[in-house]
Structure formats: C-alpha cells, structure tokens
Amino acid sequence: MDNNVQQDVNVLIKRRFEELTELKSKGFEPFAYSYDIDSNSEDIIKNFKEDEKRVVKIAGRIMALRRMGKASFAHIQDHEGRIQIYLRKDDIGDSYDAFRLLDIGDIIGVEGFVFKTKTGEISVHVTSMKLLSKTLRPLPIAKETVDEAGNKIIHDQFADKELRYRQRYVDLVVNPEVRDVFIKRSKIVSAMRNFLDSEGYLEVETPILQPLYGGAAARPFTTYHNTLDTTFYLRIADELYLKRLIVGGFNGVYEISKDFRNEGMDKTHNPEFTMMELYVPYKDYEWMMTFVEKMIHNICKNVFNKLEFEYDGKNITFGSSWKRVSMIDELKEKIGIDVLSADVKQLKESAMKLGIDIKGLETKGKLIDEIFSVAVQPELIQPTFVIDYPVELSPLAKKHRTRNGVVERFEGYVAGREICNAFSELNDPIDQRERFEAQGKMREEGDQEAHQIDEDFLRALEYGMPPTAGLGIGIDRLVMLLTNQTSIRDVIFFPQMKPEVK
RNA sequence: GGGCGCGUAGCUCAGGGGUAGAGCAUCUGCCUUUUAAGCAGAGGGUCGGUGGUUCGAGCCCACCCGCGCUCACCA
C-alpha cells in the first residue's frame with residue numbers, strides 16, 4: 001500500500017487505509033465489480049405510496065451519516081439526487097459491522113423497502129448492503145439546513161474556486177448545481193446538432209493541426225510534427241477548411257469543435273473553446289439571420305421549454321425575430337459622425353471622448369470596432385443583430401451589394417455580449433486575394449493577428465465556390481447565457497489553469 | 001502584463017508582536033425512526049515559501065509562489 005496516495009497521508013487518509021485493511025480482513029471487497037440497480041432516488045420519492053413497502057435496489061455515494069449505536073441513518077446521492085437510508089444491525093447483521101467502517105464519500109449499493117420515517121422523510125429501510133467503492137480521501141462535505149422561510153442554507157460549502165476547477169470531480173460531487181449546468185450544456189449542444197441535422201446539414205471534421213492558421217484574427221498556438229519536421233498551428237477557426245468543402249459540393253456543412261487561441265484568459269476567454277461553424281451554399285447573410293433566430297428558438301424550447309431567460313440580473317426574451325440595427329447608423333446616432341467617411345484622426349478624437357485608450361488602435365477598422373463596443377454594445381440587451389461591418393475588419397466577408405465600405409456581415413448580441421458572427425462569404429477569388437494582401441500589409445506593420453495569405457484556399461476559390469452564408473457561434477458563451485453563468489470557467493469542466501506545483 | 005485583494009486544521013472561517021482558535025469533519029465511549037441527530041471525552045497545524053527586523057513573528061518588512069477580482073487584447 002505504499003504508493004503515491006500514501007505520500008501525502010494525513011490522519012484522515014491514514015484512517016481510511018486502516019478501515020480498508022480491516023474491511024478486507026473481514027472478507028468485504030472494498031472495490032466491487034458491479035451492482036445491478038432497479039431504481040433511483042428520484043423515482044423512489046416521486047412514486048412513493050403509503051403502506052406499499054416497495055422493494056428497491058439503488059446505489060450511490062454516502063453524503064451524510066447519522067449513527068445511533070445499532071442503527072444508523074445516512075443519505076446517499078445518486079445521479080438523480082439524494083435519498084435517506086435506514087440500517088439496523090437486526091436487519092443486516094454482519095454488514096452492519098462493515099457499515100461501521102464506512103465514511104462519507106463511500107459508494108454503496110443497498111436493497112430494501114421504501115417507508116416514511118416518524119419525521120416524514122421518505123427513506124429506504126435497508127435489508128442488504130454492499131460496499132462498491134471505498135473512498136480514500138475525505139470529501140469537503142457541506143451540511144444543509146432549511147430556515148423558517150423554507151430556504152435551503154448550506155454550511156461550509158466547498159467554495160475555493162481554484163480547488164473547484166482543479167478538482168472538478170469533487171466539485172461535481174458536492175455542489176449539485178454545477179452538474180446541472182453541465183447537463184444543460186450537453187443538452188444545448190445536442191439540440192443544436194439535432195436541429196442542424198434535421199435541416200439537412202452534414203457534420204464534418206477538419207484539421208486541428210494546420211500549416212497556416214486563418215479564419216479569425218487571433219494569435220495561434222504552435223506545435224511541431226517530428227516526421228514531417230514541420231511547425232504546425234492549432235486552428236484558431238474552422239472557416240477556411242469548411243469553405244473548401246463547400247467548393248467540393250456539399251449541401252451545407254457544420255463542425256462543432258475546439259478552437260485554440262493563444263491570448264489572455266478572463267471571464268469570457270479560455271485558451272481552448274468550443275465553436276460551431278456552419279456554411280450553407282446558395283444563401284446569404286439575410287437568410288442566415290432568420291436561420292439563427294430559428295435555431296436559438298428551437299434550442300430554448302427543446303432544452304428549457306421557455307423563451308424568457310434571466311442573465312446577470314437582466315431579463316432576456318428570445319422572440320421569433322430579433323432586432324436588426326446597422327453598425328454604421330447606430331454609431332452615427334450615438335457619436336454623431338459617419339464612421340465610414342471619417343478619417344483616423346476624427347475617429348481617434350471620438351474614441352478619446354468616450355474615454356477609450358487608443359494605444360495600439362491605429363486603423364479605422366479597429367477604432368470603429370472599439371468605439372462600437374463601448375458606445376453601443378452594452379445597450380444591446382435583447383437579442384439584436386448588428387449588421388454591416390467595415391471592410392477592413394472582415395477580410396473573409398463579401399462586400400455589401402449596395403453600400404460602399406461595408407461588408408454583408410452580422411453579429412448577434414444578447415445581454416450586451418456577442419454570441420455569433422456571420423456573413424455572406426466572400427467567393428470572389430480576386431477580391432479575396434486583395435483582402436489577404438491588405439492583411440499581409442497590416443501584418444508587416446506589426447498586427448500579429450492579421451491573416452496570412454492562404455494560397456491553397458485561394459486556389460479552392462478559383463475552382464468556384466457558390467454564394468454561401470457562414471455562421472460561427474461560441475458554444476461556451478451561448479451556454480453561459482442560457483444557464484446564467486458569468487464566468488466561462490463555470491461552463492467548462494476543466495478550465496485552463498497554471499500547472500499544479502508540488 | 002498593470003491595479004486591488006486573498007493564502008491559518010480535511011472544509012468554512014476568526015485571530016493583526018507574547019502558549020495556535022471555533023464550527024463542521026475525524027477518533028473513543030454511550031445511543032435501534034435520526035436529519036446541521038444528541039451527550040461525554042480526545043486527536044489533528046512547517047499559519048503558502050524564503051530571507052529580514054525583534055528578546056520574541058500567523059501577525060511587521062522585502063522578495064518569491066499560487067489563486068481570485070479587475071483593466072488592457074481577443075470570441
């Protein structure tokens with residue numbers, strides 16, 4: 001038993017090893033192979049009938065323990081919730097001696113009949129018990145009480161955020177609301193996938209290791225392939241490969257997968273994050289706006305069965321059509337200038353008036369983007385599409401069919417946050433080459449996030465890509481919005497952390 | 001990267017130069033319908049680390065490490 005676990009023994013762990021040894025010596029297998037159940041905590045409570053004495057077999061983790069000599073009460077927790085069990089030495093004999101050696105955290109299976117205690121709690125009167133897994137570390141267990149108003153009060157809740165993120169398995173055991181968020185996340189992704197499938201689009205997979213990165217403005221992670229003796233980048237977006245597939249003739253493709261961006265981390269940024277990108281041929285961004293409305297509506301209905309949400313104290317309604325505003329018009333109204341005809345100097349003045357630090361904002365596009373995010377974005381609480389972005393911010397989007405200086409692009413905003421980005425995809429290879437070249441110039445001027453020229457992508461466009469509508473949705477942020485979480489770390493099981501130091 | 005804050009028992013936290021504390025958890029004894037079970041007793045700490053000031057440092061100072069919040073960049 002001298003392994004790693006015992007190196008950091010403290011008294012509590014040592015005690016558990018002693019119990020383990022004692023259990024083994026008494027013939028109890030502390031780590032069982034299987035246990036067949038026929039019910040669960042929720043089912044038992046929901047379907048309780050007085051005087052029925054229904055016999056059930058359940059399994060779960062001991063979360064509370066009240067021993068009273070030759071009888072004990074405990075709560076066990078399974079996937080559905082918690083239920084109280086009642087054990088007496090008279091009923092289970094030798095197993096009761098094993099039970100004396102159990103701790104909070106141990107996983108057991110029990111068989112018994114359902115009854116209601118004197119104080120009215122539906123419980124299982126155990127007739128046989130089997131230890132399924134002995135815990136060697138103490139759980140940071142909280143206790144719950146209910147005050148006179150009926151509110152649940154949790155005492156000594158496991159609250160250290162660092163520990164909760166690093167040891168998510170413990171967080172999930174002791175903080176049940178955490179599990180609910182992740183179940184919702186899973187259902188949101190399923191609902192989205194089902195919707196996209198039902199619309200006839202094909203889920204595909206494209207490379208994560210890319211010789212060139214593109215499709216977004218971001219700094220990449222680099223890695224290295226030994227046999228090819230080549231540096232690769234972890235993708236920052238799926239876009240350029242998915243559009244190659246549209247060239248190839250698919251009738252709509254989508255990918256739900258991780259992207260990686262080598263940038264700062266905060267409440268809304270994790271270095272790896274999940275993105276859904278969709279490309280549909282023969283459609284444009286107008287069509288895509290309607291599609292997004294339909295898809296989000298569908299997810300809300302299917303996962304939550306509601307359209308009204310509260311986010312960070314704000315009430316949000318996902319109606320069937322979202323407000324649409326022009327970025328340029330909105331800015332004209334807010335700051336009184338036409339950002340398209342304004343020069344860099346005027347834009348800098350406007351930015352400074354708004355209290356923006358203009359350091360590093362040298363181009364019109366970046367200035368406009370920043371002014372927008374300060375002057376307009378926070379007010380976009382109800383679902384809103386902001387349309388028509390400056391060309392230089394959008395090197396992969398088609399120029400607007402009637403309006404000069406802007407592209408056919410929209411971003412969806414909810415609760416002041418961006419949740420999606422879409423455009424009529426640029427399918428003119430000559431225009432695309434010019435845009436890449438303009439990006440190359442920005443790169444030479446020191447913009448590390450500007451696109452590189454992707455010759456293979458240009459070659460693909462030269463073979464002809466149908467007019468196409470493209471969409472990207474940050475899944476983590478969508479989940480945050482729908483589950484009322486203000487930190488991305490609370491919707492990612494294992495958020496990025498500095499490596500643990502011993 | 002900048003600013004602010006935090007780090008004391010397994011968990012949640014008090015203590016701010018003079019013997020290291022509480023509740024829960026743990027251990028021993030009693031207890032066969034309890035539920036933050038109860039009663040009686042006990043154990044448990046390199047007070048994040050390293051240096052310094054001091055007769056004496058969880059406490060004051062410096063540096064370091066880790067975390068949280070926030071600002072900047074990005075989705």
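A residue counts as near a strand when one of its heavy atoms lies within 4 Å of that strand. Keep that cut-off at hand for the opening stops of this tour, and bear in mind that the model you have open is predicted.

**Stop 1: around the RNA**

Select RNA strand B together with the residues near it. There are 50 residues around RNA strand B, and those that come nearest are Thr119, Lys143, His269, Arg477 and Arg489. Now colour this surface by residue class: 26 of its residues are charged, while 12 are polar and 12 nonpolar.

**Stop 2**

Zoom in on Arg66 first. One of its polar side-chain atoms lies 2.6 Å from a base oxygen of RNA strand B. Then pick Arg88, where a polar side-chain atom lies 3.5 Å from a base oxygen of the RNA. For Ala159, show the backbone: an N or O atom there lies 3.3 Å from a phosphate oxygen of RNA strand B.

Zoom out and show the cartoon. The elements that give two or more residues to the surface near RNA strand B are helices α2 (11–25) and α6 (161–166) and strands β1 (55–68), β2 (71–78), β3 (81–88) and β6 (143–146). Which element gives the most to this surface? Select α6, which gives 4 residues.

**Stop 3: α8 against α16**

Next, select helix α8 (residues 176–198) and helix α16 (residues 475–483). Their axes come within 10 Å and cross at roughly 120°. That angle makes α8 oblique to α16, and α8 passes α16 in a right-handed crossing.

Show side chains to see who takes part. From α8 the contact uses Val181, Lys184, Arg185, Ile188, Val189 and Met192, and from α16 it uses Ile475, Asp476, Leu478, Val479, Leu482 and Thr483. By class, the residues of the α8–α16 contact are 8 nonpolar, 1 polar and 3 charged.

**Stop 4: α10 against α16**

Which residues of α10 and α16 meet here? On the α10 side, pick Ile296, Ile299, Cys300 and Phe304; on the α16 side, pick Leu478, Leu482 and Thr483. The contact of α10 with α16 has 6 nonpolar residues, 1 polar residue and no charged ones.

**Stop 5: α9 beside α15**

For the last stop, select helix α9 (residues 239–247) and helix α15 (residues 455–462). The axes of α9 and α15 come within 9 Å and cross at roughly 25°. The two helices are therefore roughly parallel to each other. Their crossing is left-handed.

Coloured by class, the contact of α9 with α15 has 4 nonpolar residues and 3 charged ones, with no polar residues.

Conventions. Residues are numbered from 1 along each chain as its sequence is written. Chains are lettered from A and ligands numbered from 1 in the order in which they are written. This is a predicted model: local features need pLDDT of at least 70, side-chain atom pairs count only at pLDDT 80 or more; totals for chains, interfaces and linings use all residues. Side-chain values use heavy atoms; hydrogens and water are left out. Axes are lines fitted to C-alpha atoms, for helices over the stretch in contact, and angles run from 0 to 180 degrees between N-to-C directions. Angles under 35 degrees count as roughly parallel, over 145 as roughly antiparallel, 65 to 115 as roughly perpendicular and the rest as oblique. A crossing is left-handed if the near helix is turned anticlockwise from the far one by less than a right angle, and right-handed if clockwise. Ala, Val, Leu, Ile, Met, Phe, Trp, Tyr, Cys and Pro count as nonpolar, Asp, Glu, Lys and Arg as charged, and the others, Gly among them, as polar. Contact means heavy atoms within 4.5 Å. A polar contact is a pair of N or O atoms within 3.5 Å; within protein, one must be able to donate a hydrogen and the other to accept it, and residues adjacent in sequence count only if both atoms are side-chain atoms.
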